Amino acid sequence: MTSDSGVYTLKKLAAMGWSPDDIKRGRQSETLIPVARGWVRSATADPRVVAAVKAGGALSCVGALRFHQAHDSSGIWVPPGHNETHVRRSKHMKGKPRPSGPFRWCQGYGQPLPVVTAVDSIPLALNCAARCLTPEEWIATVDSVLSTTEWTIPDIQAEMGRVAKAVTGMFARCDDRSQSGTESIARLRLIAAGFEVQVQPDIGTHEHADLRVGALLIECDGRAYHSDAEAFRNDRRRDRMTMIDRWMTMRLTYDDVLYNWEEVLEDIRAVTRSDRHRIRRDNDPRRRENSSI
Ligand SMILES: [Zn+2]
C-alpha cells in the first residue's frame with residue numbers, strides 16, 4: 001500500500017538501509033537533493049510531492065488520493081476538478097507563513113496529526129478530503145476505495161485520526177458494491193430524489209445490473225469502461241437478456257450523471273411513472289377480463 005514518491009525523511013532513508021556516509025555521498029553526487037529540513041528527494045521525485053514537502057507538509061487529500069490512484073494501480077475514483085496541490089501542514093508549521101502558489105491547505109477533523117511521510121496514507125487523505133469534497137464526492141471516492149483495495153471501513157477509521165460525527169454519517173451511506181464513481185453518484189442522487197434504489201440487483205442467474213429503480217435497470221458507464229468490443233457485445237447481450245425478463249434498461253454515461261443530472265432525473269421520473277401505470281393496469285382485474293389478448 002506504500003508508494004515511492006521519491007521524497008524521504010532522513011529517518012526513513014536510514015530505515016531503508018542508508019548509512020550516514022551513504023547519505024553524505026548521495027548529497028555530494030546529487031542523487032539526494034535537500035527539500036526541507038530533514039527531507040531529501042531523488043532527482044525523479046514527483047513534483048507535487050516535492051512542492052507539498054517544501055510547503056511544510058505532506059501531499060494529502062485529493063492530491064494524495066490521485067497519487068495512490070496512479071502509483072498503486074488501484075481503481076480509486078477521484079472526482080474531477082480540485083486541481084490545486086492539497087497540502088496537510090505539519091503542526092510544527094503552525095503560525096509560519098504559507099508559500100504562495102496553487103496550494104490548498106487541508107486539515108482533517110480532530111487534532112493535527114504529525115507528518116511522517118511525504119504522501120498521506122489513504123485514511124489520512126480521506127480525513128482531509130472529508131472537509132474538502134462534497135459529501136457526494138467523498139462517498140463515491142470511499143466506495144471506490146472499498147471496492148478496489150483491501151481497505152475496509154473499520155481499517156480506514158482506525159487510521160484516520162478522529163472520526164467526526166459527520167464522517168461516520170457519510171461512511172454509513174457508502175456501499176462497497178459500487179462499480180464506478182458514476183454509479184455511486186447516481187445512487188446517492190436517486191436516493192436523495194426519494195427513490196428506493198437497489199444496488200447491483202440480480203439479472204439472470206449470475207449477473208447484476210448496477211442499479212434498479214422499480215422495473216428500470218440503470219447501467220452506469222465509468223469513463224474507462226465499455227470502450228472495447230467485448231464490453232460492447234456484452235452490453236447488447238445483457239440488453240437482450242433483461243428484455244426477456246421485461247426489465248427496461250437505461251444506460252448512463254459519466255457526463256450524464258455528473259453534468260446533465262437534471263435531465264436524466266426527469267427521464268427516470270417519466271419512465272418510472274409510466275412503469276407504475278403499467279403495473280396498475282396489469283393488476284386491474286376488470287382490465288384483465290376485458291383484455292382481448
Ligand atoms: Zn483538500
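By class, five nonpolar, four polar and one charged residues line the largest cavity. Nonpolar here is Ala, Val, Leu, Ile, Met, Phe, Trp, Tyr, Cys and Pro; charged is Asp, Glu, Lys and Arg; the others, Gly among them, are polar.

Before going on, this is a predicted model: local features need pLDDT of at least 70, side-chain atom pairs count only at pLDDT 80 or more, and totals for chains, interfaces and linings use all residues. Residues are numbered from 1 along each chain as its sequence is written, and side-chain values use heavy atoms, with hydrogens and water left out.

A cavity is a set of points, on a 1 Å grid over the protein atoms alone, where a 1.4 Å probe fits but cannot get out; lining residues have an atom within 4 Å of a point. The lining includes Arg 88, Tyr 109 and Met 160. Helix α5 gives the most to it, with three residues. The volume, meaning the space filled by probe spheres set on the points, is about 50 Å³.

Now the metal. Which residues coordinate the zinc ion? They are Cys 61 (SG), His 86 (ND1), Cys 106 (SG) and Cys 132 (SG), at 2.1 to 2.4 Å; donors are N, O and S atoms within 2.8 Å of the metal, or 3.2 Å for Na, K and Ca. Cys 61 lies in helix α4 and Cys 132 in helix α5, so the pair ties together parts 71 residues apart in sequence. Helices are DSSP runs (H or I, at least four residues), numbered from the N terminus. Both Cys 61 and Cys 132 are buried, that is, under 20% relative accessible area with a 1.4 Å probe, protein chains only.

Definitions and conventions:
Helix = DSSP H or I, 4+ residues; strand = E, 2+ residues; numbered from the N terminus. Buried < 20%, exposed > 50% of the residue type's maximum accessible area, 1.4 Å probe, protein only. 1 Å grid on protein atoms, 1.4 Å probe; cavity = no way out; pocket = protein on both sides within 12 Å on 5 of 7 lines; lining within 4 Å.
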